[in-house]
Amino acid sequence: MTVALSGKEIAARLAKQFPGSIIEATGNTILVKADSLPEVAAFLKNAPDLSFDYLVSLTAVDYWDYFEVVYRLTSIPRNHSLVLKVRCQGRANLHLPSVTGLWRGADFQEREVYDLFGIAFDGHPNMKRIFMWEGFQGHPLRRDYL
Amino acid sequence: MEVTEKSGFYVYSDVELDKNEGIQIEALKTASQNSIPDPDRWLDEETQRNILLTSLDAILNWARRSSLWPVVCFPACCAFELIATAASRFDISRFGMEVIRASPRQADVMITAGTLTWKMAPNVRRIYEQMAEPKWVIAMGACAISGGTFAQSYSVVPGYNRIIPVDVYIPGCPPRPEALLHGIRMLHNKIAKQSIKQEAGK
């Protein structure tokens, strides 16, 4: 089985590397500041002893006050995993940096989050709806939809 | 016929009945000395064996319902019951339906096995329009009838009859193969009642 790395240990390391980038760490998850997501994600992918080369899934959760985007990472050579989270405050005009440059698999999943939650990913090559048709009003997986 | 009074009741004389019966038999026998000629005796022997007389409607409907080729339109999970129906245990080849066509132009019936989303709806409508007349639609399962559990959803078509005319509705989630076979039989009965005169005015 894949070993779930301790979020606190990784967070301590990241805090040293990128001061102020980590908001909190619990169990095997770390909550990262939205602004520092690109460099933290690049570090997690490229550091030789971490080498998270595989993005298992990218999804979002609506907590009313904020949206949380969840990145589940796995390293195939190292056989370990980690959960990365980013928060997005408010309900309108939401933006996050895209991770498609690091993991091509994020392409469709970022479009899905954009389609169903309305969070736009900056730097995505093709930021448009994926499930709903052009002209559809609203973002159906938001809690205030209908 | 003569009626006699006996013990307060009016009854027919059985002697009279027998006498009348005898007259009728004698008359029929006298009139039937020669055998009735074959009505198609003017045809040669080879032709006689190959001619079947029926109405145009009956023969057309028989031909149409005996080989309904379904088109591939299985958007969701009801397809598995349809596959079971098509496979050897239930075997829709008994109705001449085993030829499931990938091309709508060669198909007669659309079995709408599954939930339809609005994004998929134009494609299903297009498949239906590409099918050659005469064509029929079986709405299979709760989703095909009304949208099923997704009827209130933002993305699901609440029933195929919003986009195409449906001939037979089969309830179930999903309907068992027996139910689908029953629906197919109902469609056969429906086709048997159609007439080319109705089609012309359709």
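Of the 202 residues of chain B, 32% count as buried (under 20% relative accessible area, with exposed over 50% and partly exposed in between, using a 1.4 Å probe and protein chains only). In chain A, buried residues make up 48% of the 146 residues. The model is a predicted one, in which local features need pLDDT of at least 70 and side-chain atom pairs count only at pLDDT 80 or more, while totals for chains, interfaces and linings use all residues. Residues are numbered from 1 along each chain as its sequence is written, chains are lettered from A and ligands numbered from 1 in the order in which they are written, and side-chain values use heavy atoms, with hydrogens and water left out.

The secondary structure of chain B comes to eight helices and six strands (helices are DSSP runs of H or I with at least four residues, strands are runs of E with at least two, and both are numbered from the N terminus). From the N terminus on, the order is β-β-α-α-α-β-α-β-α-β-α-β-α-α. The radius of gyration of chain B is 29 Å, well over the 17 Å that the globule rule gives for 202 residues, so chain B is more spread out than a compact globule. This radius is taken over C-alpha atoms, and the globule rule is 2.2 Å times the number of residues to the power 0.38. Along its principal axes, the C-alpha trace of chain B spans about 85 × 60 × 40 Å.

Contacts (heavy atoms within 4.5 Å) were also counted by separation in sequence. In chain B, 75% of the contacts with a separation of 6 or more are between residues 24 or more positions apart. The accessible surface of chain B comes to about 13,200 Å² (Shrake-Rupley method, 1.4 Å probe; for residues, only the protein chains shown count as cover). Carbon and sulfur atoms hold 56% of that surface. Chain B has 22 positive and 22 negative side chains. Lys and Arg count as positive and Asp and Glu as negative, whereas His and the chain ends are not counted. The centres of the two sets lie 16 Å apart, with each charge placed at NZ of Lys, CZ of Arg, CG of Asp or CD of Glu.

Two cis peptide bonds of chain B can be described. One joins B:Glu133 and B:Pro134, with omega about -5°. B:Pro134 is found in the loop between α5 (121-130) and β5 (136-140). Another joins B:Cys173 and B:Pro174, with omega about -10°. B:Pro174 is found in the loop between β6 (168-170) and α7 (177-192).

Chain A has three helices and eight strands. Along the sequence they follow the pattern β-α-β-β-α-β-β-β-β-α-β. A compact globule of 146 residues would have a radius of gyration near 15 Å, and chain A agrees, with 15 Å. The C-alpha trace of chain A spans about 45 × 30 × 30 Å along its principal axes. Residues 24 or more positions apart account for 49% of its contacts with a separation of 6 or more. Chain A exposes about 7,500 Å², and carbon and sulfur atoms supply 52% of this area. The mean positions of its 16 positive and 16 negative charges are 3 Å apart.

The largest nonpolar core has 38 residues (a nonpolar core is a set of buried Ala, Val, Leu, Ile, Met, Phe, Trp, Tyr and Cys residues joined through side-chain atoms within 4.5 Å). The members that touch the most others are A:Leu14, A:Ile30, A:Leu44, A:Leu58, A:Tyr71, A:Leu84 and A:Ile119. Helix α2 (residues 37-46) of chain A gives the most to this core, with five residues. A second, separate core of 21 residues includes B:Ala79, B:Leu180, B:Ile184 and B:Ile191. Not counting residues up to four places away in sequence, the contacts of A:Leu84 include A:Ile30, A:Leu44 and A:Tyr71.

A:Ser57 lies in strand β4 (residues 54-62) of chain A. A:Ser57 is buried, with a relative accessible area of 18%. Beyond residues up to four places away in sequence, A:Ser57 touches A:Val70, A:Tyr71, A:Arg72 and A:Gln109.

Phi of A:Trp64, a residue other than glycine, is near 65°. A:Trp64 lies in the loop between β4 and β5 (66-75) and is partly exposed, with a relative accessible area of 42%. Phi of A:Asn93 is near 55°. A:Asn93 sits in the loop between β6 (80-89) and β7 (94-97). A:Asn93 is exposed, with a relative accessible area of 69%.
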